[in-house]
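Let's take a walk through a protein model together.

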Amino acid sequence: MPPTQATDLLSLTPDELDLALKEHFEARGQPAYRSAQVRRWIYEGLAPSIEQMTDLPVGEREALHDRFAMVEAEAAQVALSEDGTVKHLWRLADGELIESVLIPSRKRMTLCISSQAGCAIGCTFCATGWGGFDRQLTAGEIVCQYRASRRWVEKNERGPITNIVYMGMGEPLANRKSVFPSLTILNQGYGVGARRITVSTVGMVPGILELAERPEQFRLALSLHAPETELRGSLIPLEKRHPLPELLEALKKFDDGGGKRITFEYTMIGGINDDLALAPKLAKIANQVRAFVNLIPFNPIPYQDWLPSPPEQIRAFAAVLEAAGVSAAVRETRGRDIDAACGQLRGHTLVQLEKGRGSATT
Ligand code: SAH
Ligand code: SF4
């Protein structure tokens with residue numbers, strides 16, 4: 001929630017922002033270029049506050065401040081991994097903690113952002129799921145992770161952010177009210193190409209259908225993790241609400257949109273979902289929607305004693321997929337030394353904070 005009742009400038013889409021600023025400055029008898037000035041400060045200057053829009057007269061900054069807010073996150077913690085991965089823990093205005101991760105690779109700098117504080121889905125392999133749900137993020141709170149991360153990479157000369165993935169905390173398509181405007185803001189406001197933005201979902205069918213309707217070519221990552229309903233249901237409680245056959249129908253609609261690419265995320269958990277007999281079933285589903293498959297070694301979490309599948313098992317699984325005509329990649333785990341897996345840094349910090357407060361429970 002924004003700190004005041006004032007309209008959060010960062011939560012508005014560029015069209016809404018233009019309209020709100022036009023009305024505001026017109027009512028104050030100010031020249032039309034004032035709106036463009038503010039717009040530039042937000043999208044190009046990445047100004048962290050209205051005060052820092054220094055080419056506006058002080059009186060105009062004060063007047064803006066009376067009506068509008070800018071919901072910026074404060075860095076509560078930054079963790080740098082030996083492999084170049086950078087994890088930020090952000091403190092929001094109400095004290096809520098969320099995280100984002102910068103992941104450099106040879107040609108890219110991918111920013112992984114959160115869409116909710118916590119997550120209500122409760123997948124059994126996910127640290128965020130075990131932590132439960134706190135609240136929805138506003139569009140501005142989603143976007144400010146990008147803004148603050150961009151300021152960080154610029155200051156630390158880490159090169160531009162090239163890609164954004166909604167793979168941090170939370171289920172993006174369970175927060176469509178904020179996530180859909182945030183896509184528009186990142187794309188139209190900050191100029192991040194739609195094909196460079198990926199929304200990851202555990203299978204929220206209504207959200208997938210809504211994303212399919214959008215004219216932009218945002219990418220979709222579907223966290224599959226199992227090609228059979230029963231096994232999937234034991235890992236992902238949402239499977240019971242939107243079972244695989246229904247999910248596949250939605251994915252087909254997304255694929256029919258043309259030019260839109262689907263990736264399957266498949267976390268490989270030793271002895272749980274890595275049986276080679278599952279690979280042909282996964283290949284069959286992937287072929288139906290022309291999906292690319294990412295095989296990701298499970299990142300151990302404090303709540304389970306599961307281990308990642310051995311590398312040779314993952315390679316053998318990938319080979320079966322490839323033989324069935326499916327493109328697959330084995331992803332390496334990044335930033336393990338800084339707990340860069342979903343939900344983990346926040347988990348540790350909460351434990352530390354609670355200890356600090358002397359709380360004996362939870
Ligand atoms: N809620 C969305 C996006 C956030 S989770 C979703 O589930 O898709 C982002 C990705 O991290 C998902 O693919 C999820 O399955 C994966 N993930 C969660 N916990 C993990 C773990 N312990 N090890 C490996 N991948 C994990
Ligand atoms: Fe939520 Fe995604 Fe974690 Fe499942 S994997 S609990 S949907 S964040």
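Helix 5 (residues 139-155) packs with helix 6 at an angle of about 40°, and their axes are 8 Å apart. Angles under 35 degrees would count as roughly parallel, so helix 5 is described as oblique to helix 6. Helix 5 passes helix 6 in a right-handed crossing. Where do the two touch? On the helix 5 side you will find Ala139, Ile142, Val143 and Tyr146, and on the helix 6 side Ser178, Val179, Pro181, Ser182, Ile185 and Leu186. Sorted by class, this contact has eight nonpolar residues, two polar and no charged.

Now stay with helix 6 (residues 176-189) and look for helix 7 (residues 205-213): here the packing angle is about 25°, with the axes 12 Å apart. That angle makes helix 6 roughly parallel to helix 7. This crossing is right-handed. Arg176, Phe180 and Leu183 of helix 6 meet Pro206, Gly207, Glu210 and Leu211 of helix 7. This contact includes two charged residues, along with four nonpolar and one polar.

Next, find ligand 2. Around ligand 2 sit Cys119, Ile121, Gly122, Cys123, Phe125, Cys126, Gly129, Gly170 and Val202. Six residues of this shell are nonpolar, three are polar and none is charged.

Finally, how confident is the predictor? The protein chain has an average pLDDT of 91, and 92% of the residues score at least 70. Over residues 349-362, though, pLDDT stays under 50, and the model gives this stretch eight contacts beyond four places in sequence. Where pLDDT is low, predicted coordinates should not be read in detail.

Technical notes. Residues numbered from 1 in each chain as written. Chains lettered and ligands numbered in written order. Predicted model: local features only at pLDDT ≥ 70, side-chain atom pairs only at ≥ 80, totals over all residues. Heavy atoms only, no water. Axes fitted to C-alpha atoms, helices over the stretch in contact; angles between N-to-C directions. Helix = DSSP H or I, 4+ residues; strand = E, 2+ residues; numbered from the N terminus. Parallel < 35°, antiparallel > 145°, perpendicular 65-115°, else oblique. Left-handed = near helix turned anticlockwise from the far one by under 90°. Contact = heavy atoms within 4.5 Å. Nonpolar A, V, L, I, M, F, W, Y, C, P; charged D, E, K, R; others polar. Near = heavy atom within 4 Å. pLDDT = per-residue confidence, 0-100.
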